[in-house]
Structures are given as structure tokens and as C-alpha cells.
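Please examine the sequence and the structure shown below.

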Amino acid sequence: MSILVNKDTKVIVQGITGKAATFHTKQMLAYGTKIVAGVTPGKAGQTVEGVPVFNSVRDAAKETGATASVIYVPAKFAADSIMEGVEAGLDLVVCITEHIPVLDMVKVRKYMEGKKTRLIGPNCPGIMTTGECKLGIIPGNVQSKGHVGLVSRSGTLTYEAAFQLKNAGIGITTSVGIGGDPVKGTDFIDALKLFNEDEDTYAMLMIGEIGGNAEEDAAAWIKANTKKPVAAFIAGRQAPPGKRMGHAGAIIAGGKGTAADKIAALNEAGIMVADTVAHIGETVVETLKKAGIYDKCYKPVA
């Protein structure tokens with residue numbers, strides 16, 4: 001099982017003729033993703049890596065039956081690209097683009113109200129269901145198949161956490177990189193709900209960082225709604241207040257959003273938090289053992 005994407009998901013690449021999109025289209029195809037169309041206005045009739053190009057998402061979806069898209073367009077066009085996917089009635093839109101103005105994303109969120117489309121991102125690495133499908137830039141070799149669901153604000157830490165789990169013999173159902181912008185689509189609770197409902201996901205790993213209160217909200221939701229074990233890591237313990245650290249949303253402002261606050265909320269909910277990046281894998285293993293499901297999740301490393 002998995003969440004949101006699988007081997008049968010038909011995918012559109014928005015901005016497919018661009019350099020980055022072409023590179024990652026090749027990588028996604030090699031992983032097994034069913035990319036059935038690309039979209040670049042004015043370039044209909046071309047092909048990229050054997051994938052036909054259309055002028056619009058609506059045309060591509062109508063012709064191919066695609067239900068998901070992944071966006072690799074420049075920041076100034078990205079909000080319109082998201083809304084184009086929503087307008088076409090796609091189930092899922094994944095936006096990799098970073099540096100999208102916050103006001104643009106506020107408009108996107110308003111436009112999406114009442115629509116069926118789920119957005120992942122922007123400024124995210126995407127989503128990958130192990131061995132089946134990936135939309136985005138997550139390296140295909142960092143995770144093995146298993147029973148832990150991974151959701152993260154950080155792209156790099158998504159890869160690092162997945163690789164540590166792989167080396168520890170712990171596999172992943174689906175990895176979801178939700179992105180680090182202050183205004184985005186899918187958040188921690190959205191992903192955790194899906195993992196909680198997935199019968200093949202036995203446990204969850206949440207990677208957070210300073211800024212905002214999403215991790216505190218997620219801790220409260222976990223405590224009230226799931227019996228599945230959860231492990232976590234919070235990046236930015238040494239970050240000074242008022243200085244943005246990497247992501248646009250990673251900033252301690254008004255004394256809120258500190259790593260200490262988040263760790264305290266997670267601990268209060270019974271969630272074990274890794275002390276450092278290097279301890280993420282160990283913390284998941286310890287969490288699984290404490291829950292009595294380690295043997296169900298462990299598979300010897302080949």
C-alpha cells in the first residue's frame with residue numbers, strides 16, 4: 001500500500017521542456033513513474049524523453065487520463081501553473097519550484113478552496129512511493145520498501161532520514177516532502193492522517209524545523225488520533241531568533257517556533273525526538289522496538 005501515488009498513477013510534467021524538468025523526467029521515468037504527458041505552452045507536438053508535449057494541462061489530462069502533475073517552472077509562473085492543474089481537475093499537484101512569492105501562494109490557497117485537488121509544496125522535493133512512483137527530485141536509491149511513512153519539511157533531511165532507515169533495515173511506504181514555505185498545500189497533519197489510514201504503514205517519521213507551529217499542532221493531533229508509533233527530528237536547535245535559516249518558513253519570530261517548543265510538544269505527546277541528524281535512524285529503530293513492531297518492520301540489509 002501507499003499514499004497518494006502508486007505504480008498506476010498517470011503523471012503530467014509541467015514545464016517539461018526546461019533543463020531541470022527534462023533531467024528529472026528522465027530520472028522519474030527510470031524509477032518507473034508513468035509519465036504520460038508534458039506541458040509547455042506553445043510547444044505542443046514536441047516530445048521529451050518520448051513523452052508527448054501539450055499546450056495546456058487540460059489538453060494533456062483529457063488526452064491521456066492523467067490525474068497528477070509535477071511542476072518545474074520558474075517562480076514567477078509557478079502559481080499560475082498550480083492553478084492550471086487545479087482548474088483541470090487533477091487529484092494531485094506537486095510543485096517543486098522555490099522562491100514563489102508568499103502573496104502568490106496566498107492567492108493559490110484561496111483559489112483552491114472547495115476544489116478537489118491536493119497540493120504538495122511548493123519548495124519541496126516531492127513524493128515517492130518506494131519502488132513504484134516518484135514525482136519530484138527525491139533520489140531513487142535512498143529508500144527501501146517497508147512500513148514507515150515519512151513526512152518532512154526539509155528535502156535534504158528527507159533523503160538523509162530515508163537513507164539512514166534503509167541502512168538500518170527499515171523500509172518506507174511513501175516519503176512526502178511538504179516543503180518549507182510558510183504558505184503551502186499539504187501539511188504534517190494532512191500527511192499523518194493518510195499514513196494513519198494506510199494499513200501497510202505501521203509507524204511514522206516526522207522531520208520538522210524551526211518556525212511556525214505546524215509541529216506543535218501535529219503533536220496534538222497525534223496524541224488525540226493515532227495509536228501508531230511516531231518518531232521525529234527537529235532541525236534548527238542552534239538557530240538564533242529572528243534569522244531565517246534556509247527555508248522561508250524557518251524563522252523564530254516573536255519568541256515562537258523554537259526547536260525547544262516543538263521538541264517539548266512532541267515529547268509531551270509521547271513522541272521520541274532524535275537528538276541530532278545522525279540519530280534519526282536509531283530513534284526510529286528504538287521507537288519501533290518500544291512499540292513492539294520492530295520485527296514486523298525490519299528486513300536485513302542486502
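## Two helices in contact

In α7, the residues Ala-214, Glu-215, Glu-216, Ala-219 and Lys-223 meet Asp-261, Lys-262, Ala-265, Leu-266 and Glu-268 of α8. Contact here means heavy atoms within 4.5 Å. Helices (H or I, at least four residues) and strands (E, at least two) are DSSP runs, numbered from the N terminus. Sorted by class, this contact has 4 nonpolar, no polar and 6 charged residues. Ala, Val, Leu, Ile, Met, Phe, Trp, Tyr, Cys and Pro count as nonpolar, Asp, Glu, Lys and Arg as charged, and the others, Gly among them, as polar.

The axes of α7 and α8 (residues 259-268) come within 9 Å and cross at roughly 0°. Helix α7 is therefore roughly parallel to α8. Axes are lines fitted to C-alpha atoms, for helices over the stretch in contact, and angles run from 0 to 180 degrees between N-to-C directions. Angles under 35 degrees count as roughly parallel, over 145 as roughly antiparallel, 65 to 115 as roughly perpendicular and the rest as oblique.

## Basis of the description

The model is predicted: local features need pLDDT of at least 70, side-chain atom pairs count only at pLDDT 80 or more, and totals for chains, interfaces and linings use all residues. Residues are numbered from 1 along each chain as its sequence is written, and side-chain values use heavy atoms, with hydrogens and water left out.

## The sheet beside helix α7

An open sheet with mixed pairing is formed by 7 strands in the order β9-β8-β11-β10-β12-β13-β14. Its edge strands, each pairing on one side only, are β9 (133-136) and β14 (272-273). Helix α7 (residues 214-225) packs on this sheet, where it touches β12 (203-209) and β13 (230-235), and its direction makes about 160° with that of β12.

Two strands pair if DSSP finds at least two bridges between them. Strands β8 (residues 126-129) and β11 (residues 172-177) pair in the antiparallel sense over 4 bridges. Within β11, Gly-177 stands opposite Gly-126.

## The sheet beside helix α3

Another open sheet of 7 strands has mixed pairing and the order β3-β4-β2-β1-β5-β6-β7. Strands β3 (47-48) and β7 (118-120) are its edges, each pairing on one side only. Helix α3 (residues 75-87) packs on the sheet and touches β1 (10-14), β5 (68-71), β6 (92-95) and β7, with its direction at about 165° to that of β6.

Strands β2 (residues 34-39) and β4 (residues 51-54) run parallel and are joined by 2 bridges. Here Gly-38 stands opposite Val-53 in β4.

## Backbone features in loops

The loop between β7 and β8 holds Pro-122, and the peptide bond from Gly-121 to Pro-122 is cis, with omega near 10°. Asn-123 also lies in the loop between β7 and β8. Phi of Asn-123 is near 55°, a positive value in a residue other than glycine.

His-99 is placed in the loop between β6 and α4 (102-112), and its phi, near 65°, is positive as well. Is each of these residues buried or exposed? Asn-123 is buried, with a relative accessible area of 13%, whereas His-99 counts as exposed at 64%. Buried means under 20% relative accessible area, exposed over 50%, and partly exposed in between (1.4 Å probe, protein chains only).

## Cysteines

The whole structure contains 0 disulfides, a disulfide being a pair of cysteine sulfur atoms within 2.5 Å. The closest cysteine sulfur to that of Cys-133 is in Cys-124, at 14 Å, which is too far for a bond. Cys-133 is buried at 0% relative accessible area, and Cys-297 counts as buried at 4%.
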